[in-house]
Amino acid sequence: MLLDKSILELAAGLRQDEFTSVDLVNECYDNIAKYNDKINAFITILPRETAIKQAQSVKLTSPLSGLPFVIKDCFNTSGITTTAASHVLKNYIAPYDATVYKKLLTAGAILIGKMNMDAWGHGGSSENTDFGPVKNPWDTTRVAGGSSGGPAAAISARMAVFAIGEDTGGSIRNPAAWCNITGLKVTYGRVSRYGSIAYASSFDTVGPMAKTAQDCAIVLETIAGVDPYDATSSPISVPSYSTLLNKKVSDLTIGIPDEFFQAGLDPEVKTAVLKVAEDLKNAGAKIKNLSMPLFDYGLAIYYLIGPSETSSNLARYDGIRYGQGREFFTDETTRRILIGTYALSAGYYDAYYKKAQQVRTLFIEEYKKALTKCSVLLQPITPTQPPKIGELMSDPLQNFLADIYTTSQNPIGVPSLAFPCGFTKTGLPIGAQLVGPMFSEDLLLNIGYQYQQLTDNHLKSPLSKGDLEGLKPKP
Amino acid sequence: MTITPIIGLEVHVELKTKSKMFCGCNASHFHVEPNTHTCPVCLGLPGALPVPNQVACEWCIKLGLALGCTINQDSFFERKNYFYPDLAKGYQITQLQKPFAVNGKLDVDGRLIRINRVHLEEDTGKSQHVGGETLLDFNRSGVPLVEIVSEPDLSSPEEAKKFLIKIQQIVRYLDISDADIEKGSMRCEPTVNLKIDNVFTPLVEIKNVASLTGVLNAIQFEIDRQTKQFQEDGITKATGEKTTRGWDADKSVTFLQREKEGSADYRYFPEPDIPPIVFTKDQIEAIRATIPELPNAKIVKYKALSLSDYDANLLAENLAFSAIFEKILGGSTNPDFAKFITNLLIGPLKTIEITIDKINPLYFQNLFDKKSDLSSSVIKQLILESYQTGTDPLVLAQKQNLFQVSDTGALQDLAKKVLAANPQAVADYKKNPQSIGFLIGQLMKASGGSANPQVVREILEKLLK
């Protein structure tokens with residue numbers, strides 16, 4: 001299957017006329033036709049003819065030229081419905097393009113779909129959506145993770161070459177882990193947020209989701225950089241990440257923060273994540289156990305500041321301009337709006353929002369300190385294996401706890417690479433994350449790439465395992 | 001019973017930057033076709049982000065400096081959350097904890113009125129209520145707005161009006177806003193209560209005041225109303241409570257809008273989409289260097305030239321006018337010359353539109369030197385003609401033969417002829433010396449109007465003795 005190939009292999013194949021962009025587009029649409037009914041990854045599938053037309057006329061100007069991709073439905077795409085998976089924006093057609101989308105179009109990539117997600121990014125399972133839950137391609141009775149569940153499931157099921165997700169508290173990494181793909185939560189400010197529908201403005205990051213670290217590096221090169229339309233985007237220059245992957249890991253120290261491996265972490269997940277340390281150690285890296293005692297406060301900071309910002313960000317959907325009123329917000333979204341409104345209210349502001357910001361400052365110091373003792377931190381992504389559909393939705397607190405390891409980076413702003421690191425006995429994917437200092441994407445991708453040279457977990461797809469439930473091709 | 005009004009003003013000034021506060025849209029909105037100066041940012045569309053206008057930030061600091069404020073080098077924007085149809089994002093980007101400028105003061109006729117803050121924010125869209133429907137125009141949404149908040153130091157409607165005029169003058173001197181109250185580019189919300197002996201009446205904020213006279217009348221109305229109200233019910237101010245009343249300019253009354261509202265909960269928090277704004281000391285000094293001499297300083301200077309309070313205020317009213325005055329004055333410290341120029345500027349030259357480039361100070365100096373040879377009406381006429389033609393007024397006077405003839409020899413000959421031609425008038429004079437006016441008129445006429453009337457009278461009186 002062409003879609004098992006890496007971006008570099010595909011780019012080379014296109015240039016050597018081994019296959020065409022049209023072949024790639026057709027393969028994507030064939031897989032969508034076969035599998036999307038089972039996993040519900042898409043909110044909008046763009047017409048095949050449109051994509052084929054683009055593929056026929058594509059000029060190969062960049063490694064992404066002629067490659068079909070999908071993006072989370074929180075990105076504005078002019079002329080195409082953009083819903084953020086909420087009926088509040090049902091049928092909303094944006095009049096402008098998100099910067100990330102514009103950059104990919106300029107690079108010659110071909111958009112084929114807008115992806116399902118937790119509405120407004122509110123969730124870690126892609127069940128909080130008005131378009132039906134996304135199902136895990138490895139077991140369709142289970143969730144794909146979230147909030148970027150649609151993009152992750154689509155890459156996993158080989159429906160596109162790469163995807164663009166958005167990570168506010170794990171939204172790229174969590175579904176990457178549960179769907180067995182690689183995803184990068186970038187440093188805050190590395191990629192423009194312009195045109196990405198906001199969940200929590202000071203946490204939101206836009207990043208690549210693909211099969212490998214190398215693929216993520218190539219996509220990141222294209223989408224990163226300062227944007228005059230985003231005052232929080234960083235002017236720091238963009239390295240050519242894909243050329244910086246070959247350094248050996250032998251000079252590096254991998255930090256293992258104890259607090260991330262305590263009770264509550266599924267033993268199988270724990271074993272698989274710690275195996276990454278072992279593999280890197282075998283490749284020459286040093287391992288250092290360390291402590292991040294403030295870890296416990298991460299989730300609290302996240303669930304005070306995130307909802308506070310979202311309560312304000314979602315105020316514009318007041319029923320006057322977007323057709324649908326606030327009664328179309330789901331229970332989960334309403335819950336977050338209420339928590340945030342409460343945390344910002346007079347008399348509570350100091351105790352909640354302000355206190356959370358103060359602890360956030362301490363937390364930033366905690367990460368800085370930890371990252372002086374090591375090159376990168378190795379952490380689990382999810383405390384559990386992918387839950388059954390409905391499990392998390394029936395228990396809001398459990399739903400929040402699913403984010404416990406991934407909400408700790410966004411308040412800091414540091415980047416984190418999520419990648420496949422093994423499978424449970426029952427064949428469900430497990431992911432690990434490497435967290436580095438601000439703007440250390442080059443280092444994270446380098447380690448990820450080196451790790452993926454040593455292992456083959458990332459090459460496994462649910463399609464190659466014909467025995468996996470639910471993905472038998474339609475007759 | 002001693003009644004002291006306590007008045008504070010909240011003044012909004014729309015900056016006349018080319019683009020809006022957080023996007024590149026054209027910031028003009030007066031008489032512009034609705035919703036044509038808009039984009040995803042000022043419409044608050046999903047995913048759009050604000051990027052602050054550097055010029056607007058600098059202008060806010062400039063105004064802060066002009067009002068003697070301390071500048072917060074680390075400033076940031078905040079969100080003020082409330083729902084209103086013309087508020088596109090459901091929040092207004094403004095400043096609360098760290099405004100650009102704080103703790104200033106403004107001299108109003110010798111009293112220092114404290115300025116609490118000068119901060120920057122964005123304007124909202126406009127709602128128009130037409131036949132039971134509300135129409136929304138977002139051209140004004142995101143236009144940069146500076147808010148100046150005074151301490152409640154003003155004690156009369158007149159003083160409040162003067163404060164407002166001073167602010168208006170300063171803003172126009174700085175060339176950062178039209179500050180036109182009628183067009184809405186300057187707005188004012190007075191907060192009024194009274195100190196009656198040792199107690200205070202409830203705070204009232206007055207909205208919808210749309211003219212300088214309105215400010216005066218609304219505050220006066222409120223003082224009278226609160227006095228009467230207190231005499232009736234004796235209710236005093238409760239902490240943290242404020243009543244909002246609207247000003248009805250047609251009926252000249254304030255009317256109740258919202259009663260006894262605790263300070264509304266706007267859930268302010270730092271705007272996460274905009275990083276903190278840092279200005280270095282050097283940058284602030286560079287902004288300070290662009291501030292021209294301000295009206296109050298000019299008034300002091302003009303009064304030192306022995307100009308009247310009234311004239312000094314009039315000349316300092318706007319920067320262009322005072323610049324013209326100072327250009328003509330040059331370095332002169334001669335009070336007579338200053339008065340001479342002032343009379344021409346606020347007299348004949350006020351009737352036409354003048355520009356500083358077309359003003360030639362030398363012409364004024366020439367006229368001033370020859371003023372005893374020209375009648376005052378001729379001077380007024382000459383200065384206008386000189387301005388319009390660009391010609392030296394003395395050349396014009398020469399050409400038109402307007403110099404007063406003071407050559408007594410020539411006049412005497414002429415006078416003898418006039419007396420000889422008017423025996424009846426001479427006879428009349430003998431009986432009634434008041435009738436000399438007729439003979440003066442005749443001699444003036446004979447001289448072609450160029451004779452100095454005083455000299456004419458003297459000659460005639462001498463000859464008639």
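Colleague: Not counting residues up to four places away in sequence, which residues does A:Ser171 touch?

Modeller: Please bear in mind that this is a predicted model. A:Ser171 is found in the loop of chain A between strand 6 (162-167) and helix 6 (173-179). With residues up to four places away in sequence left out, A:Ser171 touches A:Gly121, A:Gly146, A:Ser147, A:Ser148, A:Gly165 and A:Glu166.

Colleague: Is A:Ser147 buried or exposed?

Modeller: A:Ser147 lies in the loop that runs between strand 5 (139-143) and helix 5 (149-156) of chain A. Beyond its neighbours within four places in sequence, its contacts include A:Met117, A:Asp118, A:His122 and A:Ser171. A residue counts as buried if 20 or more other C-beta atoms lie within 10 Å of its own. A:Ser147 has 37 other C-beta atoms within 10 Å, so A:Ser147 is buried.

Colleague: Which residues does UniProt list for "active site", and why can they be said to gather at one spot?

Modeller: The unreviewed UniProt entry lists A:Lys72, A:Ser147 and A:Ser171 for "active site". These residues span 100 residues in sequence, yet they gather at one spot, because no two of their C-alpha atoms are more than 10.6 Å apart.

Colleague: Which residues lie on each of the two covered faces of strand 11 of chain A?

Modeller: In a regular strand, side chains alternate between the two faces of the sheet. Strand 11 (residues 376-380) of chain A is mostly covered, with five of its five residues buried. One side holds A:Val376, A:Leu378 and A:Pro380, and the other holds A:Leu377 and A:Gln379.

Colleague: In which sense do strand 11 and strand 13 of chain A pair?

Modeller: On strand 9 (residues 253-257) of chain A, pairing with strand 11 is in the parallel sense over two bridges, and A:Gly255 has A:Leu377 as its bridge partner. As for strand 13 (residues 429-435) of chain A, A:Gln433 in that strand stands opposite A:Gln379. Strand 11 and strand 13 pair over four bridges, and the sense is antiparallel.

Colleague: Which helix supplies the largest share of the side of chain A that touches chain B?

Modeller: In all, 30 residues of chain A are in contact with 23 residues of chain B. Helix 9 (298-313) and helix 10 (331-344) of chain A each supply at least two residues of that side of chain A. The largest share, three residues, comes from helix 9 of chain A.

Colleague: How far apart are the C-alpha centres of domain 2 and domain 3 of chain B?

Modeller: The domain assignment of chain B includes domain 2 (293-399) and domain 3 (408-464). The distance between the C-alpha centres of domain 2 and domain 3 of chain B is 35 Å.

Terms used: Residues numbered from 1 in each chain as written. Chains lettered and ligands numbered in written order. Predicted model: local features only at pLDDT ≥ 70, side-chain atom pairs only at ≥ 80, totals over all residues. Contact = placed C-beta atoms within 7 Å. UniProt positions renumbered as here; feature names shortened; annotations may be inferred. Buried ≥ 20, exposed ≤ 12 C-beta atoms within 10 Å, placed from the backbone. Domains from an automatic or database assignment. Pairing = 2+ DSSP bridges.
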